[in-house]
Amino acid sequence: MLWYPLDVDGFSASRRFFRLYVDMQSHVKALRTEQNTLLELIEKADKLKDIIALQSQLTQVRYEIESYESQLRMYDNRVNYSTLNLTV
């Protein structure tokens with residue numbers, strides 16, 4: 001029999017982690033779409049102030065992508081080195 005610790009609302013820590021991980025992946029996907037849109041807009045922009053504003057937004061989006069991907073890599077490494085002990 002496997003035992004999973006339950007939080008107050010009834011979700012195990014592993015389920016909570018899985019939800020967080022999937023949410024982070026979704027955020028990265030959405031940010032990549034935004035990044036591509038910004039790159040297209042930069043290509044079409046003809047005013048320097050527009051290009052500077054778009055570049056600023058792009059920098060922020062890239063920072064967020066890197067932040068999420070860094071967290072995902074950290075979680076991947078933790079999972080890769082995890083040990084599961086079962087008592088029968």
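The expected span of a helix is 1.5 Å times one less than its number of residues. Helices (H or I, at least four residues) and strands (E, at least two) are DSSP runs, numbered from the N terminus. The model is predicted: local features need pLDDT of at least 70, side-chain atom pairs count only at pLDDT 80 or more, and totals for chains, interfaces and linings use all residues. Residues are numbered from 1 along each chain as its sequence is written, and side-chain values use heavy atoms, with hydrogens and water left out.

**Figure 1. Overall architecture and helix α1.** The protein chain holds two helices and zero strands. Helix α1 has 32 residues and reaches 47 Å from its first C-alpha to its last, close to the 46 Å expected at 1.5 Å a residue. Of the 88 residues in the chain, 17% are buried (buried means under 20% relative accessible area, exposed over 50%, and partly exposed in between, with a 1.4 Å probe and protein chains only). The buried residues of α1 are Tyr21, Met24, Val28, Leu31, Gln35, Leu38 and Ile42. The accessible surface of the chain comes to about 7500 Å², of which 56% belongs to carbon and sulfur atoms; accessible areas come from the Shrake-Rupley method with a 1.4 Å probe, and for residues only the protein chains shown count as cover. Among contacts (heavy atoms within 4.5 Å) between residues at least 6 apart in sequence, 53% join residues at least 24 apart.

**Figure 2. The largest nonpolar core.** A nonpolar core is a set of buried Ala, Val, Leu, Ile, Met, Phe, Trp, Tyr and Cys residues joined through side-chain atoms within 4.5 Å. The largest such core comprises eight residues: Leu31, Leu38, Ile42, Ala45, Leu54, Leu58, Val61 and Ile65. Two or more of its residues are given by each of α1 and α2 (48–80), and the largest share, four residues, comes from α2. Apart from this core lies another, of five residues, among them Tyr21, Met24, Leu72 and Tyr75. In soluble globular proteins, nonpolar side chains tend to be buried together.

**Figure 3. Surroundings of Ile42.** Ile42 is found in helix α1 (residues 13–44) and is buried, with a relative accessible area of 17%. Its C-alpha atom is separated by 6.4 Å from that of Leu54, twelve residues apart along the chain. When neighbours within four places in sequence are left aside, Ile42 is in contact with Leu54, Gln55 and Leu58.

**Figure 4. Gln35 and Ile65.** Gln35 lies in helix α1 and counts as buried at 11% relative accessibility. Beyond its neighbours within four places in sequence, Gln35 is in contact with Leu58, Val61, Arg62 and Ile65. With the neighbours of Ile65 within four places likewise set aside, Ile65 is in contact with Leu31, Arg32 and Gln35.

Figure 5. A pair of aromatic rings is described by the distance of the centres and the angle of the planes. Rings of Phe, Tyr and Trp (its six-membered ring) pair if their centres lie within 6.5 Å; planes under 30 degrees apart count as stacked, over 60 as edge-to-face and the rest as tilted. The structure holds two aromatic pairs. The rings of Phe17 and Tyr21 have centres 6.1 Å apart and planes at 40°, so this pair is tilted. Phe17 and Tyr21 are four residues apart in helix α1 and are therefore separated by about one helical turn. Phe17 is partly exposed at 30% relative accessibility, whereas Tyr21 is buried at 16%. Phe17 and Tyr75 form an edge-to-face pair, 5.1 Å centre to centre with 85° between the planes. This pair links distant parts of the chain, Phe17 in helix α1 and Tyr75 in helix α2, 58 residues apart. Tyr75 counts as buried at 15% relative accessibility. Phe17, Tyr21 and Tyr75 form one aromatic cluster.

**Figure 6. Salt bridges.** Side chains of opposite charge can pair when their charged atoms come close. A salt bridge is a side-chain nitrogen of Lys or Arg within 4 Å of a carboxyl oxygen of Asp or Glu, and a search of the whole structure finds two. Arg32 forms a salt bridge with Glu69, the closest N and O atoms being 2.5 Å apart. The pair links distant parts of the chain, with Arg32 in helix α1 and Glu69 in helix α2, 37 residues apart. Arg32 is partly exposed, at 34% relative accessible area. The side chains of Arg73 and Glu66 meet in a salt bridge with an N to O distance of 3.0 Å. Arg73 is partly exposed, with a relative accessible area of 42%, and Glu66 is partly exposed at 41%.
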